[in-house]
Amino acid sequence: MEFVSNLQQRELIAEDILTNKNLMVDYDRKRNSNREALSKLKKDLSEEKKVWVNLGDMFVKMPKENVETMIKKDQDTLDSEINDIRQTMKEKVVELEKLEGGDGSKSRAFQLNAMK
């Protein structure tokens, strides 16, 4: 019975890791779209005072400065979400390795932090 419980825990943790990985990819795509929008605002729409923005299911004409601020705030939120997910994934990988009988030495590479 303990074997089945261990197997279930491993499966749940592995599923969480894959879900977080997919979520990170989605957030990264959105971050890239935001980056493209910011560069478009600076280069192609530099003379415009107001721009059209898609907010959910409607388009609204807003001042360009407000749109840039909104996008930058969204970028900051996405960055913090991605960092939180990365940290969670590191912890889950270590936990998964321990459940598989490892001592944590294989997952040390996942605990590296990016240089800033």
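A nonpolar core is a set of buried Ala, Val, Leu, Ile, Met, Phe, Trp, Tyr and Cys residues joined through side-chain atoms within 4.5 Å, where buried means under 20% relative accessible area, exposed over 50% and partly exposed in between (1.4 Å probe, protein chains only). The model is predicted: local features need pLDDT of at least 70, side-chain atom pairs count only at pLDDT 80 or more, and totals for chains, interfaces and linings use all residues. Residues are numbered from 1 along each chain as its sequence is written, and side-chain values use heavy atoms, with hydrogens and water left out.

The largest nonpolar core has eight residues: Ile13, Ile17, Met24, Ile82, Ile85, Met89, Val93 and Leu96. Two or more of its residues come from each of helix 1 (2-43) and helix 2 (64-99); helices (H or I, at least four residues) and strands (E, at least two) are DSSP runs, numbered from the N terminus. Helix 2 gives the largest share, five residues.

Isoleucine 17 belongs to helix 1. This residue counts as buried because its relative accessibility is 13%. Beyond its neighbours within four places in sequence, Ile17 is in contact (heavy atoms within 4.5 Å) with Met89, Lys92, Val93 and Leu96. Although isoleucine 17 and valine 93 are 76 residues apart along the chain, 7.5 Å separates their C-alpha atoms. Isoleucine 85, with residues up to four places away in sequence not counted, touches Asn20, Leu23, Met24 and Tyr27.

A second, separate core has seven residues, among them Leu38, Leu41, Val51 and Val53.

Leucine 55 lies in strand 1 (residues 50-55). Leucine 55 counts as partly exposed because its relative accessibility is 32%.
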